[in-house]
Amino acid sequence: MRRSTGPSVGNDDSEIDRILSREDEILPSSGFTVSVMEAVRREAAARPPIPFPWKRALPGLLVGGVVLALVLVAVVRAIAQVDRTTASRFSTSLPSVMLPIFNGGVESAAIWAVLALLTAFVSVKLTMRLCGQE
Amino acid sequence: MGMNASASDDQADVDKILAGDISAFEGIVRRWQGPLINLANRFCHDRGRAEEMAQEAFLRAYRALSQWRRDAVFSTWLFALATNLYRSELRRIPARTVPLADIAEPADPRAPDGGLADRDYDYDRDSAVRRAVFALPPKYREALVLFYFHEMDVTTAARSLGLPEGTMKARLFRGREILRNRLPQRLAVAHLKEA
């Protein structure tokens, strides 16, 4: 309800607009600009964070990856050579998720190895990303 | 200073800074310190904190200067950056607010005459409306703050908040609706007591 007595009791949008449009302005304190510029100069003078040396690390990482893959293949081959009877004996006591490694031969073992490598790669990338955000 | 002159000054200063002349940033600070502090003050109603938040906004702008895509005016980019910072700062450490239901403005009992009482009443009502805005849920409060800060320009306010205009209009409508529902009764009661 709009009242007619006294200074208008506004209950419509125009009254709200009128009140909120004329909010008092404050002036920046005298040292504000100097303070901001000091902070900016400190920021500019600070050494940038040392980036990870990808160029130097890449050959090492590649060699490490290849060695790891070779070791994995060797291990998988060694497991594949185990007698099937031994494997079936193992299979009774192993969880079902491990069975393809012993029953399926080198191919399924390779899949597991690739999955493990992928998981490790994703973990490393995720960790590096999180560290980079600090 | 006109907006075009300001925009070209901003662009020239940004070019200098990116070329290594840090002191050119002072021009940007001098041009935009008032608006940025006042915007922060509308968010937190605390002068000291407003200056701290504005300083942090300038610092972030300096760091991110190379990310300013020149398809938008510099001030639009700066306000959007500052608005984001102010919102997240206030989510981290909320400003002190009075619950909307607790906002009631008694008239000044010292008023010796009707004229002064009217002026006091005006002051009380305006103060109550501003405090009521401050007590709104954040999404409506932010919409109203930006809308009135940008002189009721929905497009600019929506851009500062990173919202579509339709969403901005809906939030403004709802925010005003809450104010309309809450305040008139309280103010009317205060006015009747005064009479």
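Chain A of this predicted model averages a pLDDT of 76, with 71% of the residues scoring at least 70; pLDDT is the predictor's confidence in each residue, from 0 to 100. Confidence in chain A is lowest in helix α5 (residues 99-103), at a mean of 56, and highest in helix α2 (residues 32-45), at 93. Over residues 1-10 of chain A the pLDDT is below 50, and beyond near neighbours in sequence this stretch has 19 contacts in the model. Two residues are in contact if their C-beta atoms, placed from the backbone, lie within 7 Å. Where pLDDT is low, the predicted coordinates should not be read in detail.

Residues are numbered from 1 along each chain as its sequence is written, while chains are lettered from A and ligands numbered from 1 in the order in which they are written. Since this is a predicted model, local features need pLDDT of at least 70 and side-chain atom pairs count only at pLDDT 80 or more, whereas totals for chains, interfaces and linings use all residues.

Chain A contains six helices and zero strands, and chain B has eight helices and zero strands. Helices (H or I, at least four residues) and strands (E, at least two) are DSSP runs, numbered from the N terminus. Buried residues make up 8% of the 134 residues in chain A and 36% of the 195 residues in chain B. A residue is buried if 20 or more other C-beta atoms lie within 10 Å of its own, exposed if 12 or fewer, and partly exposed in between, with C-beta atoms placed from the backbone. In chain B, 61% of the contacts with a separation of 6 or more link residues 24 or more positions apart.

Where the chains meet, the contact takes 35 residues from chain B and 27 residues from chain A. On the chain B side, α2 (25-44), α3 (47-63), α5 (114-134), α6 (138-149) and α8 (165-194) each supply at least two residues. Of these, α2(B) gives the most, with 10 residues. By class, the side of chain B that touches chain A has 17 nonpolar, six polar and 12 charged residues. Here Ala, Val, Leu, Ile, Met, Phe, Trp, Tyr, Cys and Pro count as nonpolar, Asp, Glu, Lys and Arg as charged, and the others, Gly among them, as polar.

The largest nonpolar core has 53 residues, of which B:Ala40, B:Val129 and B:Leu144 touch the most other members. Such a core is a set of buried Ala, Val, Leu, Ile, Met, Phe, Trp, Tyr and Cys residues joined through C-beta atoms within 7 Å. Its largest share, 10 residues, comes from α2(B). The core also draws at least three residues from each of domain 1 (3-92) and domain 2 (100-194) of chain B, with bounds from an automatic or database domain assignment.

B:Leu144 is found in helix α6 of chain B. Because 10 of its 12 residues are buried, α6(B) is largely enclosed by the rest of the structure; among the buried residues are B:Tyr140, B:Arg141 and B:Phe149. B:Leu144 itself counts as buried, with 25 C-beta neighbours inside 10 Å. Leaving aside neighbours within four places in sequence, B:Leu144 is in contact with A:Leu20, B:Val133, B:Leu136, B:Leu172 and B:Gly175. The C-alpha atoms of B:Leu144 and B:Gly175 are separated by 7.1 Å, although the two are 31 residues apart along the chain. Following α6(B) is B:Glu151, whose phi is positive, near 50°.
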